[in-house]
Amino acid sequence: MAGAKNMHTFEPPSDGESLQRKPSGFGIGWKRLLRSKTGTFGAVLVLLVTLTALLAPWIAGQDPAAIDPLNRLKPPVWLEGGSSAHWLGTDNLGRDMWSRIVYGSRVSLIVGLGAVLVSGLIGALLGLLSGFYGKWVDAVIMRVADSFMAIPTILFMLVVLAVVGPGLTTLIFVIGVTNWVSYTRVVRGEVLSIKERDFVKAARSVGAKNGRILVKHILPNIMSSFIVISGMNVATTIIMEASLSFLGLGIKPPAVSWGGMLSDGRQYIATSWWVATFPGLAITVTVLGVIFLGDWLRDVLDPHMKEKA
Amino acid sequence: MTKRKWTSAWLTLLVTALVLSGCGAGNSAGGNNTAESPAPASSNSAAGGSKVLTIANATDIESFDPHNNNNTVSESVLVNVFDYLLKNDSQQKKVPGLATSWEQVNDTTWRFHLREGVTFHNGDPFTAADVKFTIERIAKDSALKQNSYFKNITEVKVVDDLTADIITDGPDPLLLNRLSKMGAGILPSKYITDSGIEAFLKQPVGTGPYKFSKWTKDDRVELVKNESYFDGEPKWDEVVFRAIPEASTRVSELLAGGIDIASGIPSTDVARVEEAENKQIVKAPIQRVLQLILRQTEGSPTADPKVREAIDLAIDKQGIVDSIAGGAGIVTRTSVTPGNFGADPSLYKQSLYDQAKAKELLKEAGYAEGTPELTISVSSQYKEYAEVVAAMLEQTGFKINLDVLEPSAFSERYSSKSFKEIFMIGIGNSLFDASNNYTRYLAEEAKGETDYNNPEVEKLLQQALVNMDPTSREKEYQQVQQILANDRPAVYLFQMEGIYGTDARVKFQPRSDEMFYAEEITPVN
Amino acid sequence: MDLVKYILKSLLQVIPTLLIVSVIVFVLVRVTGDPVALMLPETATAEDRAVLTQALGLDQPLTTQYVKFLGSALQGDFGNSFRYGESALPLVLERLPASFELAAAAMLFAVLMAIPLGVASAVKRNTFTDLIISGVSVIGKAMPNFWMGIMLILLFSVILGVLPVSGRGGFSHLVLPAFTLGVGLAAQMTRLIRSSMLDILSQDYIRTARSKGIRELLVVGKHAFRNGMIPVVTIMSLQFTSLIGGTLITETVFAWPGLGQLLVVAVNTHDMAIVQAAVFVIAFIVVITNILTDVAYRLLDPRIKYN
């Protein structure tokens, strides 16, 4: 059942399945978070990255864009030739690695959250319409979703970025617009099942209008799946930003992003490993945190899974 | 029990793999010479006595149509399949190719005596008819990418089987340069007329030392020895050109022994290649000069000569060469480098750098700190240089917007002449003549791009274009260079150098035109 | 039979999907930019441009262009590639073997990794083994592809010298790129198998089987495993379709001549014919794979209704 319904979503179908069982609202307490080791770990990582992004100017200590060609590719402080002025070393243009990592967190988070918001809004809206109104609305939206799934995502992004030109906003929108399908499918499935529930039928029988039913009954009930998919998508998006940078379509200098750093640094992996490895680690750690936190959220929002934990 | 073993085996495998890949970075970072490797599992090279030369470029060729290519990498492959009437030797001296001698008949006519007994790879004899077919095709079909270099040729007359006259629409001091440059490869007229150009492109045929064997797009071009080459038996049994887009992969492939020559070695990898056993780095200055081209359109801040001079003085060119380019570059104040007709040696190996004076000039021009605001557009391949230049200009007080474009987007903006104040570009010169550097500063051409207009320069350039006397022609170009060095429609950064990694199996001396003539590369035994 | 009807119905749905794909592609390609500027040398005059624009039919209204485009697309004619001067469809099709080869190898690798790891981590849930496996698979998913590819080349080809660096050739050439791609897939699959196995292991019939004293290995191997694999089939089809044309970063790192490289260059040089042909071919493969998976799925699990 699960597989069939989620044919086209890329994230594990079991999510979709578990989502059909309704949580009764969600009071997430700290206690519950602390009970899960991986959840706590994920939350700590995400919190750390968020704080870094917010407090970047105070943590960084240096201008991440200040170029110093004569001091390029200096190793981290613990290696021979390193200096305490740049404790994580410098990159190919002599910029301070630590400051760049710190400032880079901003772009990764903004792109991650922004794109997820965009795709979440588009996807959820279309999913709602599709599931709620059914008939031709459903048919049209689902065919469009099929078509989007059939076009290679990266190609779509390449074309759009080639037209509009790279930039933070473009990046958010492009990634957002290409990722909405998974939301649509899951939300649609949710709506289809909720629609048949007694409380919706009851509301309808007392004369509630469509809008009211959507807002009062259906929307709150799809929130949990929305949050769960979003967790996954934030991770995917951060990696996607790195991939786009590899193709030369990431954030433009002098703005800093981990993906851009990683991509610029790949030429130096063999000779100056720190240039690519630190941003690579930053991405890995952040994504790790987001995924762990997302897993925990799923467990919490899904009573069935909780039973097992 | 068995199952546990089974799972843990997988687990170990995965963990080891990940851990090892981490260590890999650590090791090489330690500066150890880790590059030695045992004989590669599948080398293309000298196995079983057959001599194979493998060269890796960053890109694949565009096409097997020598007339419809506008890129150096493609031509560097095609020169092994097609011959020119005359060619440049490794010192860029004109030497006979398919023509054994030539003379000027009058102002607009050159006569070429063709080599006897040459055959195309399919057995067709090479005659004056092929010259007529080839040259008239490139001169008349404006859809071909090389057409603009040849369109002043009005006609080719077949005098007899082995003599052809090439006629231009006016005196052309550059005809020999045109005929020895990219796009002048001679095609088989009978084969193409009989089977059509599409068939030719699938199974190309030339007169060169190597025959087409196979082209796997975005992967490799394979050529085999042409036993009946007119200049004796070729040195290699097979020549393979591979396309390896990632620079680090190219270096790895060289170190692992999979290829003999790798082009475009990043400057930071030079030491690593040199330290490796049996690998060398060879460098040579190439025709490309990296430069900033400045718009002089009314209203643009760069229309003010003081601002242009400030830009020049603000940039530490030698510093850029020494750091980012890893020493592989020669600073210059002219784009006509030695080896090109018309070069002015007094401007070569020179550069200006004086940030204090640059600041002064900006003040004189009436700009406060943080102004003027300029946009520098650049193709992503030169991104590092552009970032450094932007930083230097900002130190001097400019406000710079860096506009890094994908190469295709860049070339689109380039041809539509829609850059803002400044664009950075590396410009080559396949004609080896100053005229090619200065076409863009003719008033007609400059319109919309730089809007540079200096009547004196215009007069000198127009004269030189049709001047058949080399001595006075050279003077004219040198004069132009002196004026341009002062007018600064462009600020020249440096002449670039080609950095190649080679295996000890081969001896290779790079050429300034970046061609790979397999016959000039010798096997070492 | 229901199944035949189902297949027919699915095939009918393919038509609107491909139509929408054609519109999206057409629009995307037209807005990408001016191919004329790229095709002509810098020295071309305005007149040259006009001639070429007309020759390419770019001066006609968009609707006319679309109808013409659709008409020829139906006949498999996407026009000639600007870059190669050859018909676009064969150029795309000749890349498919390389792409399929890489995708299949990566999938195989992923399945071989993911099944034992996923099962182990479900059976041993909340133990140290589970934590390690989960951690490693999350890292596998989180690690950017190209970084790992370059690392693998350095280790296995340059330092150890046991595998070729790049290019397409025999089996040995496949190992590194397939591993690079496969790790991410395996990570995703492992997590999926774990959660689907957990679901099943907690179900009543498994509990019953256990309470009857059937050996754990048998319970896991026979009852749980078979059912737990059903979603795996689904994710495999999804991963496979995303790999066709979606592997360009790995292809670039390993100089692998697949569809991805063709596509990137085509987009960058505005080679419209190639972009259109490639997207159609890929969309077709995706759509057909989906139908086949659905069918296979229904055959495996007869409980699914045909709706």
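Where is the place of B:Pro372 in chain B? I looked this up before anything else, keeping in mind that the model is predicted.

**Entry: the loops of chain B**

I found B:Pro372 in the loop between helix H12 (355-364) and strand S14 (373-379) of chain B. I then checked the peptide bond that joins B:Thr371 and B:Pro372, and it is cis, with omega about -5 degrees.

My next stop was B:Asp218, in the loop between strand S8 (210-216) and strand S9 (220-225) of chain B. Its phi is near 60 degrees, which is a positive value in a residue other than glycine.

**Entry: what the record says**

I looked up chain B in UniProt, where an unreviewed entry lists residues 95-446 for "domain: Solute-binding protein family". Over that stretch I read 31% helix and 26% strand. The C-alpha atoms at the ends of residues 95-446 of chain B are 35 Å apart.

**Entry: a sheet in chain B**

Here I followed an open sheet of four strands, in the order S4-S5-S7-S6 (chain B), and noted antiparallel pairing. Which strands stand at the edges? They are strand S4 (99-106) and strand S6 (153-160) of chain B; each has a single partner strand, so one side of each is left without a neighbour in the sheet. From one strand to the next, the twist averages 20 degrees.

A reminder to myself: strands of a sheet pair through backbone hydrogen bonds, either parallel or antiparallel. I took a look at one pair, S6(B) with strand S7 (residues 163-168) of chain B, and counted six bridges in the antiparallel sense. One detail I wrote down is that B:Lys157 has B:Asp165 in S7(B) as its bridge partner.

I also saw that helix H3 (residues 128-140) of chain B packs on this sheet, touching strand S5 (109-114), S6 and S7 of chain B. The direction of H3 makes about 175 degrees with that of S6(B).

**Entry: two helices of chain C**

I noted the crossing of H7(C) past H9(C) as left-handed.

Which residues meet there? From H7(C) I listed several, among them C:Asp130, C:Ile133, C:Ser137 and C:Lys141. On the H9(C) side the contact includes C:Val183, C:Ala187, C:Thr190 and C:Arg194. The residues of this contact divide into four nonpolar, five polar and four charged.

Technical notes: Residues numbered from 1 in each chain as written. Chains lettered and ligands numbered in written order. Predicted model: local features only at pLDDT ≥ 70, side-chain atom pairs only at ≥ 80, totals over all residues. Heavy atoms only, no water. Left-handed = near helix turned anticlockwise from the far one by under 90°. Contact = heavy atoms within 4.5 Å. Nonpolar A, V, L, I, M, F, W, Y, C, P; charged D, E, K, R; others polar. UniProt positions renumbered as here; feature names shortened; annotations may be inferred. Pairing = 2+ DSSP bridges. Axes fitted to C-alpha atoms, helices over the stretch in contact; angles between N-to-C directions.
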